[in-house]
Amino acid sequence: MEIDPFIFRFSIFILAIFVGYYVVWSVTPSLHTPLMSVTNAISSVIIVGAIIAALASSSNNIFEISNIFGFLAIVLAAVNIFGGFLVTQRMLQMYKKKKKDKK
Amino acid sequence: MISANLSAIFYLISGILFILALRGLSSPETSRQGNFFGILGMIIAIAVTFLTVGNFSAAMNYVLLFLVIGGAIGAFIAFKIPMTAMPELVAGFHSLVGLAAVFVAISAFLNPQAFNLGSPGDIKLASLIEMSIGAAIGAITFSGSIIAFLKLRGIMSGSPITFKGQHFLNLILGISIIVLIYFLCTTQSESFFWRMIGISFLIGVLLIIPIGGADMPVVISMLNSYSGWAAAGIGFTLENTALIITGALVGSSGAILSYIMCKGMNRSFFSVILGGFGGDSTIGKEKKKDQKPVKSGNAEDAAFLLKNASSVIIVPGYGMAVAQAQHALREMVDALKKNDIKVSYAVHPVAGRMPGHMNVLLAEANVPYDEVFELDDINNDFANTDVAFVIGANDVTNPVAKTDPQSPIYGMPVLDVEKCKSVLFVKRSLSPGYAGVDNELFYRDNTLMLFADAKKMTEDIVKNI
């Protein structure tokens, strides 16, 4: 009997939930806001689906309705990727230790 | 053009980099490196996708164009946004992830060949279920986040909107989504797909409107979680490891944050979701505040008290964020430190409108993060402290949570500010907090109320120190 590939993906999914569980509990509470913005940025890896959808060519027309949805999704995900990572970076820059330089 | 196996390995690598990105957040020192790992993972995922598709036709130019447009908008927002607007920014970003998931699901449904899922009208059953779940959760995330955004931004009132039969309606709509997915799978008819997405948008709105302003930390974490599950659903459809891993990470991250926030308020997750709590309309008990004497003072009195203290604990809350008082506060603390007064900050888990909200604002004002303490780490210190300076917080300091089982906030962990020798409350009025509960601290002998805008009062205190 062969195992359905879905089961393998499902296994990855479940294991990743466990990894996420332990990793997130170790995040210090003072960094919970950057945690939210960075999870937001990484969940925009959904852009890979958008790129595939946008580049799919079933005909010569590159603006089939399914491509258009792909392009729209690229814009949305790109806003998130750049916005999410940069705003996280900006926040993390602000976390400083005691008495480094008093301005 | 690279093989599917090779690209799968690269997607795995980018998934691992995302795990390291979250791992980095375990301390501020490693966090910047973590963020770098995240960016690297994203670059790998996008580059590999381009190479796998390998279609460098005219469409490619548009892909790059849209990528740049979106990226420019995102970068612009990231640099311009004030730190006080972070909760609504995060809500807004969640809505984009949700909508992107819906769009990807739609194009996978319309053009399944591109994703190796079969052909229109004959999509593989498992794929159909996966993309429907991804689209439904994505749509709920989108419309729910929009409502959360509007509430946080103040465009929509923060009070809960409730009506009769609300929960029943939600239940019916939830069941109808499952029924529609069933019919979609049996008939492959497009109309069921569109209806399912439409109803999901509606559910998102209905789920969030009954939830009040003070419960926003839970809502925003919950939507964070949803955006993850939506991404995972799409990841299964696309058979993409990076997306599955990320979806699972984000989903569990949001769920844990929701749990922490609920615990910070001692409320069950379901009571938050069912809503109707935390608005101005909440029926508080009959307030007898007019009869009770309140000691109020001005900036000079406060400055005198602070100057003569040897230790001070600052308790910031949402009011500080609204008044943008964090910079003035830090100036005040600097002035106190010059007088050799020991100052630390106490942050309650649900202070503000999102997890970690106060910490970010204090960091923005150049407050070193090792002076900022969590509830459990500092609560014992109040007894040995001369002055507690409560700025814009209320419910999180209310001793009634420990003493009165009748109170709606009974059991919520609170900061023991009443154990300090004296308490200074910067607040605009005596109005109760979001829970609608009167704070008995206001009427104690050792409490001095400072009725003013938080920023203005803090600045005046600085002048008087």
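Start by selecting Met265(B) and showing what surrounds it: setting aside residues up to four places away in sequence, Met265(B) touches Ala214(B), Asp215(B), Val218(B), Val350(B) and Met412(B). Contact here means heavy atoms within 4.5 Å. The model you have open is predicted, so local features need pLDDT of at least 70 and side-chain atom pairs count only at pLDDT 80 or more, while totals for chains, interfaces and linings use all residues. Residues are numbered from 1 along each chain as its sequence is written, chains are lettered from A and ligands numbered from 1 in the order in which they are written, and side-chain values use heavy atoms, with hydrogens and water left out.

Stay with Met265(B) for a moment. Met265(B) sits in helix H9 of chain B; helices (H or I, at least four residues) and strands (E, at least two) are DSSP runs, numbered from the N terminus. Is Met265(B) buried or exposed? Met265(B) is buried, with a relative accessible area of 9%, where buried means under 20% relative accessible area, exposed over 50%, and partly exposed in between (1.4 Å probe, protein chains only).

Select residues 4-24 of chain B, which form helix H1. From first C-alpha to last, the 21 residues of this helix reach 30 Å, close to the 30 Å expected at 1.5 Å a residue; the expected span is 1.5 Å times one less than the number of residues. Colour the buried residues of H1(B), among them Tyr11(B), Phe18(B) and Leu22(B). What covers them includes H1, H2 and H3 of chain A, together with H2 and helix H9 (241-265) of chain B.

Move on to helix H2 of chain B, residues 28-53. Its 26 residues reach 38 Å, close to the 38 Å expected. Just after H2(B), look for Gly54(B), which takes a positive phi of about 60 degrees.

Within H2(B), pick Ser31(B). Ser31(B) counts as buried, at 1% relative accessibility. A polar atom of its side chain lies 2.7 Å from the backbone oxygen of Pro28(B). Beyond its neighbours within four places in sequence, Ser31(B) is in contact with Leu31(A), Leu92(A), Gly24(B) and Leu25(B).

**Where the two chains meet**

Colour the chains separately and select the contact between them: 79 residues come from chain A and 102 residues from chain B. About 8400 Å² is buried between chain A and chain B, with carbon and sulfur atoms giving 78%; buried area is the accessible area (1.4 Å probe) that two parts lose on being put together, summed over both. Highlight Met36(A), Ile46(A) and Leu55(A), which supply 9% of the area that chain A buries against chain B, more than any other three residues.

How many salt bridges does the rule find across this interface? There is one, with a salt bridge being a side-chain nitrogen of Lys or Arg within 4 Å of a carboxyl oxygen of Asp or Glu. Zoom in on Glu239(B) and Arg9(A), whose side chains meet in a salt bridge at 3.5 Å, N to O. Then show helix H4 of chain A, which gives 27 residues, the largest share of the side of chain A that touches chain B.

**Charged pairs in chain B**

Side chains of opposite charge can pair when their charged atoms come close. Select Arg153(B) and Glu88(B), which form a salt bridge with their closest N and O atoms 3.3 Å apart. The pair links distant parts of the chain, with Arg153(B) in helix H5 and Glu88(B) in helix H4 of chain B, 65 residues apart. Arg153(B) is partly exposed at 46% relative accessible area, whereas Glu88(B) is buried at 9%.

Now go to Glu418(B) and Lys402(B), where the closest N and O atoms of the salt bridge are 2.7 Å apart. Glu418(B) lies in the loop between helix H16 (400-403) and strand E7 (422-427) of chain B and Lys402(B) in helix H16, so the pair ties together parts 16 residues apart in sequence.

For a last stop, select Lys456(B) and Asp460(B), whose side chains meet in a salt bridge (3.3 Å, N to O). Both lie in helix H17 of chain B, four residues apart, about one turn of the helix.

Definitions and conventions. A polar contact is a pair of N or O atoms within 3.5 Å; within protein, one must be able to donate a hydrogen and the other to accept it, and residues adjacent in sequence count only if both atoms are side-chain atoms.
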